[in-house]
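This report describes selected strands, sheets and aromatic contacts of one model. Please consult the sequence and the structure shown here alongside the text.

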Amino acid sequence: MRVSAHSSRATSALKVEHADAVLIGAGIASATLAMLLRELEPAWHIVVLERLEGPALESSHAWNNAGTGHSALCELNYTPMDTHGRVSIDKALEINKKFQLSRAWWAHLVENGTLEHPERFIRTVAHMSLVHGEENRRFLKARFAALHPHPLFSSLEYTEDPSCLAEWAPLVMEGRTANTPLSATRSLAGTDVDFGALTRALLEAATKAGTSVHFGSNVVDLRRMGKDWGVMARTHNSTHVVRAPFVFVGAGGAALPLLQRSGISEIRGYGGFPISGQWLRCTNPELAARHEAKVYGKAAVGSPPMSVPHLDTRVINGTRELMFGPYAGWSPKFLKSGSVTDLFRSIRASNALPMASVAPGNLDLIAYLASQLTQSFDDRLAALAEYLPGAKAEDWELLEAGQRVQVIAPLSRTRGTLQFGTELLTSADGSMSGLLGASPGASTATSIMLDLLSRAFPAKASEWEPRLRAIFSTEGDARDHLARTSRILGLTEPPR
């Protein structure tokens, strides 16, 4: 992958590069969009600008996200239960279908030789949901009954049997007393994804196909230049401008201030609330070798969705790892490598009231963050012990996870709402799009970028449709598609 060369001599004239599309940020979103555009418009000149010295160093970095191929096989917050005991599976189906689009895209790139060695970025890892107590048992049974008949969830298994649980997750049951009944579901169709490795592979492929990737290029301004956008970026020793009719801002937490700087009306009223995170990482490889699953539980009452505890097998850069978390933290930074002034600099006259209005309705979140910030290492180890009764302090270390900026969307000029998810904003003329928010963005990046294509390039829809239909065909049984992508990606085929 090449980094653009810049002259070391100061120049009086500003360097201007012309492109068909500029993508800001070298994470999974921009990497996915770069390859989609390369597939659809091979003659286009596409430029990727990244402020750091390499790709996937923020949210897409393997240790900055959970690596779960989010497909609702284990995430209980995607299947809420109402007061009558009915479980809604609508969001679970939506998330799973979006992840299938990602699998289809990766399988296409592997099949045509664009991506090699898929085992470097995706592996089969069982997805489990584990709950404690009778009330949660009723919920999990109702969830299983609602999901299992659907072809996308036919691989789910349910058990209350301690011996079966010991087979599924030995470390979870080892040393556990029988005081509290446990229940679990498991799917062998689950995956672990190294989004850092995937992002690097996608950008390497895009570069080979002619995409220009500029590292160490910090975007400092976005301005209209006739029918184009002028994207100004600074490097260590120079400043240059890239002109293009289309810009995508996929810069993680930095997307909000960049979109604000662009002046598009669609960003008015939007704000962001940054939340950081931490993981416990296992330092004992023998322990990590004995756990083969992603085991998700239920979030504590009053805590946000991204706080769902899980004990995960990870494979990062080919090394088997074990992690537990997340534990929430707080920092005013919008990026892990950002500035403590990020939050305050994002406040505008248009978003100050919507941002302030969300506080009274989210006191439980504020209390949750306060409790997390005051936790000791022993407190965190006690949380781990609910999933790993034999946890020992000497086997674990605390790592900083990625920085997330939750979307505060305007409801009116004075009111806003805090959202836990992703939101794609596109200007009215389609010339600029930006991605705000967090999970499950990485797993559903392909679906989000397909949505972007339809919004930003409506005039191209009929021209691109046959090619996209060939890649993302929805004909046939969902189980056939699962089996096909599993074979191509080297995954365990789900049972029929």
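## Strand 16 and its partners

Strand 16 and strand 17 (residues 319-329) run antiparallel and are joined by seven bridges; strands here are DSSP runs (E, at least two residues) and helices likewise (H or I, at least four), numbered from the N terminus, and two strands pair if DSSP finds at least two bridges between them. Val315 has Arg320 of strand 17 as its bridge partner. The two strands form a hairpin with two residues between them, and Asn317 in the turn has a positive phi of about 55°. Strand 15 (residues 294-296) is also antiparallel to strand 16, through three bridges, with Val295 partnered by Leu311.

The model is predicted: local features need pLDDT of at least 70 and side-chain atom pairs pLDDT 80 or more, whereas totals for chains, interfaces and linings use all residues. Residues are numbered from 1 along each chain as its sequence is written, and side-chain values use heavy atoms, with hydrogens and water left out.

## Burial of strand 16

In a regular strand, side chains alternate between the two faces of the sheet. Seven of the seven residues of strand 16 (residues 310-316) are buried, where buried means under 20% relative accessible area, exposed over 50% and partly exposed in between (1.4 Å probe, protein chains only). His310, Asp312, Arg314 and Ile316 are buried on one side, and Leu311, Thr313 and Val315 on the other.

Four strands form an open, mixed sheet in the order 1-12-11-10. Its edges are strand 1 (15-18) and strand 10 (218-225), each of which pairs on one side only. The twist averages 25° from one strand to the next, with axes fitted to C-alpha atoms (for helices over the stretch in contact) and angles running from 0 to 180 degrees between N-to-C directions.

Strand 1 pairs with strand 12 (residues 239-244) in the parallel sense over four bridges, and Lys15 stands opposite His240.

## Aromatic rings

Rings of Phe, Tyr and Trp (its six-membered ring) pair if their centres lie within 6.5 Å; planes under 30 degrees apart count as stacked, over 60 as edge-to-face and the rest as tilted. The count by this rule is 12 aromatic pairs. Phe99 and Trp106 form an edge-to-face pair because their ring centres are 6.0 Å apart and their planes lie at 80°; both residues are buried. Trp44, Phe246, Phe457 and Trp464 form one aromatic cluster.
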